[in-house]
Amino acid sequence: MSIVTVQLGQCGNQIGFEVFDALYTDSHCPQGLCSKRENEAYQASCKERFFSEEENGVPVARAVLVDMEPKVTNQTLSKAAQSGRWKYGQHSCFCQKQGSGNNWAYGYSVHGPRHEESIMNLIQKEVEKCDSLSGFFIIMSMAGGTGSGLGAFVTQNLQDQYSNSLKMNQIIWPYGTGEVIVQNYNSILTLSHLYRSSDALLVHENDALHKICAKLMNIKQISFSDINQVLAHQLGSVFQPTYSVEGSCHYRRNPLGDLMENLVPHPEFKMLGIRNIPQMSENSLAYSTFTWAGLLKHLRQMLISNSKMEEGIDWQVRPPLSGLPTLGKASLNRGLHFNMSIANLVILRGKDVHSADLEIYLFILERECMRERGEGQRERISSQLC
């Protein structure tokens with residue numbers, strides 16, 4: 001089943017390019033872990049999800065690019081075409097000559113209604129190219145005006161016109177130090193509208209991604225391109241084809257449906273996060289060795305302590321032994337550090353993946369979740385992708 005991606009604003013279009021480039025590169029690089037037949041099946045499944053018919057032998061991304069200024073969309077289209085590996089469709093872009101000025105209301109109330117028909121027609125054309133539609137993946141920022149305001153408007157229209165299709169919004173949480181002065185207002189307005197019209201919100205924090213680039217990737221002068229590549233790697237690890245836990249010989253057919261079935265058990269709890277391990281530069285990879293037991297141990301503690309990367313994990317954080325901690329000040333402070341979630345999904349990729357022993361890991365997580373819910377007094381408020 002195919003996913004139609006909607007890239008909104010400067011942030012959404014820059015990230016969207018890196019995501020498609022990472023997906024294509026991963027599916028066409030020599031795997032070395034499986035047979036030629038399995039590699040071909042992997043490539044075919046990836047292409048069906050994210051790319052449509054080829055033009056002159058070049059796959060076309062299933063995407064619609066939307067921005068109120070032409071600069072970034074032109075750059076994005078040019079970079080994809082120059083790669084020679086894949087490209088965007090000739091008529092998949094919508095842009096104007098006046099931006100939203102970081103004004104959420106202008107994007108939502110002015111640009112949205114004014115250009116609704118043109119944008120939705122482009123999306124409909126992409127949907128009609130799909131033999132079977134899994135849903136929509138909307139990439140947007142929360143700080144600016146076009147990504148947040150127009151993004152909320154477009155998502156609302158997708159809900160109205162494609163109510164039976166799944167919609168996942170990948171949203172970028174702005175830097176805590178501030179990018180634009182009205183980012184707090186834009187973020188609150190965006191979340192309030194998306195919570196009513198989206199099926200899942202996949203949140204990435206700029207501060208956390210910046211920290212990964214600095215400490216794990218060893219990048220000295222960090223650019224938005226570096227951050228976007230880290231983000232694309234994480235998204236690729238989740239959206240690329242996977243086998244089911246039952247060990248079926250066929251890849252899962254419904255990527256968005258499979259994720260939401262496991263991670264959004266209740267429509268009111270739809271904020272998702274990703275924990276990715278290991279994450280490092282290619283130069284460091286050659287000098288590193290890993291075991292599944294070690295990776296799973298660190299991944300579990302990252303989840304419990306709400307750490308975004310494996311370096312600097314707080315190993316002192318532990319789930320409460322029985323229900324809620326006592327109401328003493330020290331116990332309450334410890335409880336605040338324990339990550340709360342209602343669902344988790346582990347995706348493993350790599351060599352000898354079937355040798356990974358998940359039974360102990362999953363049993364401990366399930367026992368802790370049951371213990372938390374047993375008291376009936378504390379609710380977990382998010383879901384996690386690992």
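The exercises below work through a predicted model, each with a solution in steps.

**Exercise 1. Confidence**

Task: State the mean pLDDT of the protein chain, and find how many contacts the model has for residues 322-336 beyond four places in sequence.

Solution. 
- Start with the chain. Its mean pLDDT is 84. A value of 70 or more is reached by 85% of the residues.
- Go to residues 322-336. Here pLDDT stays under 50. The model has 13 contacts for this stretch beyond four places in sequence.

**Exercise 2. An aromatic chain of pairs**

Task: Classify the ring pair Trp104 and Tyr108, then the ring pair Tyr108 and Phe153.

Solution. 
- A pair of aromatic rings is described by the distance of the centres and the angle of the planes.
- Count first. The model holds 11 aromatic pairs.
- Take Trp104 and Tyr108. Their ring centres are 4.7 Å apart and the planes stand at 10 degrees. Planes under 30 degrees apart count as stacked, so this pair is stacked.
- Check burial. Trp104 is buried at a relative accessible area of 6%, and Tyr108 is buried at 16%.
- Move on to Tyr108 and Phe153. The centres lie 5.7 Å apart, with the planes at 80 degrees. Planes over 60 degrees apart count as edge-to-face, so that is the class of this pair.
- Locate Phe153. Tyr108 belongs to helix α4 and Phe153 to helix α5 (residues 146-161), so the pair ties together parts 45 residues apart in sequence.
- Finish with Phe153. This residue is buried, with a relative accessible area of 9%.

**Exercise 3. A cluster and two charges over rings**

Task: Name the residues of one aromatic cluster, then find the rings that Lys270 and Lys297 lie over.

Solution. 
- One cluster is made of Phe17, Phe20, Tyr24, Phe51, Trp86 and Tyr88.
- Lys270 has its charged end over the ring of Tyr195, 5.2 Å from the ring centre.
- Lys297 is over the face of Trp315, and the distance to the ring centre is 5.7 Å.

**Exercise 4. Helix α6 and its surroundings**

Task: Compare the span of helix α6 with the expected value, and list what its buried residues pack against.

Solution. 
- Helix α6 covers residues 183-197, which is 15 residues.
- From first to last C-alpha the helix reaches 21 Å, close to the 21 Å expected at 1.5 Å a residue.
- The buried residues of α6 include Gln183, Asn186, Thr190, Leu191 and Leu194.
- The buried residues of α6 pack against α4, α5, β6 (133-141), β7 (166-173) and β8 (200-205).
- Look at β7. Of its 8 residues, 6 are buried, so the strand is largely enclosed by the rest of the structure.
- β7 pairs with β6 in the parallel sense, over 7 bridges.

**Exercise 5. Ile212**

Task: Decide whether Ile212 is buried or exposed, and list its contacts beyond four places in sequence.

Solution. 
- Ile212 is in helix α7 (residues 206-215).
- Its relative accessible area is 2%. Under 20% counts as buried, so Ile212 is buried.
- Beyond four places in sequence, Ile212 contacts Met217, Val230, Gln234, Gln279, Lys308 and Met309.
- Take Lys308. It is 96 residues from Ile212 along the chain, yet their C-alpha atoms are 8.2 Å apart.

Technical notes
Residues are numbered from 1 along each chain as its sequence is written. This is a predicted model: local features need pLDDT of at least 70, side-chain atom pairs count only at pLDDT 80 or more; totals for chains, interfaces and linings use all residues. Side-chain values use heavy atoms; hydrogens and water are left out. Rings of Phe, Tyr and Trp (its six-membered ring) pair if their centres lie within 6.5 Å; planes under 30 degrees apart count as stacked, over 60 as edge-to-face and the rest as tilted. Buried means under 20% relative accessible area, exposed over 50%, partly exposed in between (1.4 Å probe, protein chains only). Helices (H or I, at least four residues) and strands (E, at least two) are DSSP runs, numbered from the N terminus. A charge sits over a ring if NZ of Lys or CZ of Arg is within 6 Å of the ring centre and within 35 degrees of the ring normal. pLDDT is the predictor's confidence in each residue, from 0 to 100. Contact means heavy atoms within 4.5 Å. The expected span of a helix is 1.5 Å times one less than its number of residues. Two strands pair if DSSP finds at least two bridges between them.
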